[in-house]
Amino acid sequence: LALKEDGSVWSLAGEAPEKVLDNGVYIHSNGSASAAVLDNGELWCWGTLHQPGNVQNAITLDAPALCCEDVAQATCCYDGVLILKTDGTLLTLRYEDGELQLIPVA
């Protein structure tokens with residue numbers, strides 16, 4: 001995953017680099033999942049997210065999907081995405097009960 005100075009987000013996973021999104025300000029990948037925060041605070045995620053405690057149960061987002069708004073930073077973890085919102089709230093994006101869920105971190 002690469003972020004160019006012009007804000008374009010590129011995937012380096014295929015045979016050739018592929019442009020994924022525009023207007024990026026922050027990116028992170030753990031090898032199976034990727035996340036990009038855009039300049040308008042949107043969080044876009046793609047790749048594979050596993051259910052916590054059950055790596056056999058997972059969802060794969062083949063294309064970037066809008067997952068959250070008002071995001072400052074995001075980090076792809078083993079079983080989800082840790083999200084810091086602009087108001088200081090911490091959330092995790094996880095695959096649970098057959099769907100993606102935003103869960104507050106206590």
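Let's start with Thr-92, which sits in strand E10; strands (E, at least two residues) are DSSP runs numbered from the N terminus. This is a predicted model, where local features need pLDDT of at least 70, side-chain atom pairs count only at pLDDT 80 or more, and totals for chains, interfaces and linings use all residues. Residues are numbered from 1 along each chain as its sequence is written, and side-chain values use heavy atoms, with hydrogens and water left out.

Thr-92 counts as buried because its relative accessibility is 12%. Here, buried means under 20% relative accessible area, exposed means over 50%, and partly exposed lies in between (1.4 Å probe, protein chains only). Beyond its neighbours within four places in sequence, Thr-92 is in contact (heavy atoms within 4.5 Å) with Val-81, Leu-82, Gln-101, Leu-102, Ile-103 and Val-105.

Val-105 lies in the segment after strand E11 (99-104) and, at 37% relative accessibility, is partly exposed. Together with Leu-82, Leu-84 and Leu-90, Val-105 makes a nonpolar surface patch of about 260 Å². Such a patch is made of residues with over 30% relative accessible area and no salt bridge, with nonpolar side chains (Val, Leu, Ile, Met, Phe, Trp, Tyr) joined within 5 Å. The areas come from the Shrake-Rupley method with a 1.4 Å probe, and for residues only the protein chains shown count as cover.

Now for the inside. Not counting residues up to four places away in sequence, Ile-83 touches several residues, including Leu-43, Cys-68, Val-71, Leu-93 and Leu-102.

Finally, the charged pairs. Side chains of opposite charge can pair when their charged atoms come close. The structure holds two salt bridges, each being a side-chain nitrogen of Lys or Arg within 4 Å of a carboxyl oxygen of Asp or Glu.

| Salt bridge | N to O distance | Relative accessibility |
|---|---|---|
| Lys-19 and Asp-22 | 2.7 Å | Lys-19 43%, Asp-22 39% |
| Arg-94 and Glu-96 | 3.5 Å | Arg-94 25%, Glu-96 21% |

Lys-19 is partly exposed, and so is Asp-22. Arg-94 also counts as partly exposed, as does Glu-96.

Key:
Patches are made of residues with over 30% relative accessible area and no salt bridge: like charges are joined within 9 Å, nonpolar side chains (Val, Leu, Ile, Met, Phe, Trp, Tyr) within 5 Å. Helices (H or I, at least four residues) and strands (E, at least two) are DSSP runs, numbered from the N terminus.
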